[in-house]
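Me: Please take a close look at one part of this model and describe how it packs against its surroundings. Start with the crossing itself, then widen the view.

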Amino acid sequence: MELNNYTMKFSFLIFVTYLVFSFSLHTDAQNTKFIDSLKQELKSRKVDDSVKVQILSSLYNAYLYNDLKKSKNFALKELELSNKIGFDKGIAQGLYHLAVYYNNIDLIDSSRIYYNKSLKVFEQTQNLSGLTGVNHGLAILEYSEGNYNKAINILDKNIDIYKNKLNDSSGLAI
């Protein structure tokens, strides 16, 4: 009976491992297809416009947690194109993406610089949802450096924005 119980547990473990492995392959294949379709769309897009900026932004996000070097390159292209066409939202988003990139590689000072640059553009354009994203990133930086009160003050700003300006209580959960 002891051997049978062991065999059942082992078989169950193999089955679960198989499911997890199959799911990860399926997810990776879906991500690859998504990235390929974005790259194809980017290549076929002849006009430099905000749609092209959004494609670059999507490519940045697609690579963010599996190829940081590529994600940075897409953020730089997003920022460059946004500057070229005068697309303020894209400029702010590109700066934000670079801030997140630098945070992910633990270059906190560089991350803070890009968050603050992004914050200025989001403030100038009164893009409140972008502003709350930057504030969230800055609060994480402050928290990670042990500046808990500073982090709480930044998050309090977000609470005010969500409650009084965006009327979005779902944002409070973030």
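Reply: Helix 4 and helix 5 cross in a left-handed sense; a crossing is left-handed if the near helix is turned anticlockwise from the far one by less than a right angle, and right-handed if clockwise. The model is predicted, with local features needing pLDDT of at least 70 and side-chain atom pairs counting only at pLDDT 80 or more, while totals for chains, interfaces and linings use all residues. Residues are numbered from 1 along each chain as its sequence is written, and side-chain values use heavy atoms, with hydrogens and water left out.

The axes of helix 4 and helix 5 are 8 Å apart, at an angle of about 160 degrees. Helix 4 is therefore roughly antiparallel to helix 5 (under 35 degrees counts as roughly parallel, over 145 as roughly antiparallel, 65 to 115 as roughly perpendicular and the rest as oblique). Axes are lines fitted to C-alpha atoms, for helices over the stretch in contact, and angles run from 0 to 180 degrees between N-to-C directions. Helices are DSSP runs of H or I with at least four residues, strands are runs of E with at least two, and both are numbered from the N terminus.

On the helix 4 side, the contact (heavy atoms within 4.5 Å) is made by D88, I91, A92, Q93, L95, Y96, L98, A99, V100, Y102 and N103. These meet I108, S110, S111, Y114, Y115, K117, S118, V121 and F122 of helix 5. By class, 13 of the residues are nonpolar, 5 polar and 2 charged. Here Ala, Val, Leu, Ile, Met, Phe, Trp, Tyr, Cys and Pro count as nonpolar, Asp, Glu, Lys and Arg as charged, and the others, Gly among them, as polar.

Helix 5 also packs on helix 6, with axes that come within 9 Å and cross at roughly 155 degrees. This pair is therefore roughly antiparallel too, and the crossing is left-handed. Helix 5 contributes I108, S111, R112, Y115, N116, S118, L119, F122 and E123, and helix 6 contributes G130, L131, V134, N135, G137, L138, L141 and E142. The residues of this contact divide into 8 nonpolar, 6 polar and 3 charged.

S111, in helix 5 (residues 108–124), is listed in the contact with helix 4 and in the contact with helix 6. S111 counts as buried because its relative accessibility is 0%; buried means under 20% relative accessible area, exposed over 50%, partly exposed in between (1.4 Å probe, protein chains only). Apart from neighbours within four places in sequence, S111 touches A99, Y102, N103 and L141.

The largest nonpolar core has 36 residues, of which L42, L59, Y60, F74, Y115, V134 and L138 touch the most other members. Such a core is a set of buried Ala, Val, Leu, Ile, Met, Phe, Trp, Tyr and Cys residues joined through side-chain atoms within 4.5 Å. Helix 4 gives the most to this core, with 8 residues. Y60 is in contact with S71, F74, A75, H97, V100 and Y101, leaving aside neighbours within four places in sequence.

The protein chain as a whole has 7 helices and 0 strands. Of its 174 residues, 33% count as buried. N167, in the segment after helix 7 (148–165), counts as exposed because its relative accessibility is 65%.
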